[in-house]
Amino acid sequence: MFDFWKKKDDPRRISLAIPFYNRSSLVMSAILPVIRDPRLAEIVIQDDASDQAEYDRLLEQTKTFQDKIRVNRNPTNLGILGNKFQAV
């Protein structure tokens, strides 16, 4: 049924949206398993107005993958549902 996921030469590309709030210690465990997948076009991390220190750690951890990761930040906290909508 979903055989297209097995084909590495498939031209379709995937965008991954990750809602984020004050959990910089977990973000790499979400990114590392997929970052080198050739089907991945981009990862969008949507920060929901985290503490400045957490946001700075997020930027530091993701700077190695700047070509595939885009970090956006909400100016105010939107809550979990609002942040998910903002991410996509």
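## Helices on the sheet

In this predicted model, α2 lies across β1, β2 and β3 and runs at about 165° to β3. The three strands form an open sheet in the order β1-β2-β3, with parallel pairing. The edges are taken by β1 and β3 (69–73), each of which has a single partner strand, so one side of each is left without a neighbour in the sheet. On average, and with direction ignored, neighbouring strands are turned by 20° against each other.

The helix α1 also packs on the sheet, where it touches β1, β2 and β3; its direction makes about 165° with that of β1.

## Strand pairing and crossovers

β1 and β2 pair in the parallel sense over 7 bridges. Within this pairing, P19 stands opposite Q46 in β2. β1, α1 and β2 together make a right-handed β-α-β unit.

D47 stands opposite R73 in β3. From β2 the chain crosses through α2 to β3, and this β-α-β crossover is right-handed as well. Of the 8 residues of β2, 6 are buried, so this strand is largely enclosed by the rest of the structure.

## Nonpolar core

The largest nonpolar core has 13 residues. Those with the most contacts inside this core are V27, I31, I35, I43, I45, L58 and I69. At least two core residues come from each of β1 (14–20), α1 (24–31), β2 (40–47) and α2 (52–62).

I45 is one of the residues with the most contacts inside the core. Leaving aside neighbours within four places in sequence, I45 is in contact with I18, F20, V27, I31, L58, T62, I69, R70, V71 and N72. Among these partners, V27, I31, L58 and I69 are also listed with the most contacts inside the core.

N74 is found in the loop between β3 and α3 (79–87). With a relative accessible area of 5%, N74 is below the 20% cut-off and therefore counts as buried. The side chain of N74 makes a polar contact with the side chain of Q46, at 2.6 Å; Q46 is the residue of β2 that P19 stands opposite.

Apart from neighbours within four places in sequence, N74 is in contact with Q46, D47, D48, A49, N83 and Q86. One of these, A49, is found in the loop between β2 and α2.

## Loop residues with positive phi

A49 is not a glycine, yet has a positive phi of about 60°. At 21% relative accessibility, A49 counts as partly exposed, because the buried class requires a value under 20%.

N22 is another residue other than glycine with a positive phi, in this case near 55°. N22 lies in the loop between β1 and α1.

R39 is found in the loop between α1 and β2. At 13% relative accessibility, R39 counts as buried. The side chain of R39 makes a polar contact with the side chain of D37, at 2.5 Å. R39 and S15 are 24 residues apart in sequence, and their C-alpha atoms are 8.9 Å apart in space.

Notes: Residues numbered from 1 in each chain as written. Predicted model: local features only at pLDDT ≥ 70, side-chain atom pairs only at ≥ 80, totals over all residues. Heavy atoms only, no water. Core = buried A, V, L, I, M, F, W, Y, C linked by side-chain atoms within 4.5 Å. Buried < 20%, exposed > 50% of the residue type's maximum accessible area, 1.4 Å probe, protein only. Helix = DSSP H or I, 4+ residues; strand = E, 2+ residues; numbered from the N terminus. Contact = heavy atoms within 4.5 Å. Pairing = 2+ DSSP bridges. Axes fitted to C-alpha atoms, helices over the stretch in contact; angles between N-to-C directions. Polar contact = N/O pair within 3.5 Å; in protein donor to acceptor, adjacent residues only side chain to side chain. Right-handed = clockwise from strand over helix to strand, strands pointing away.
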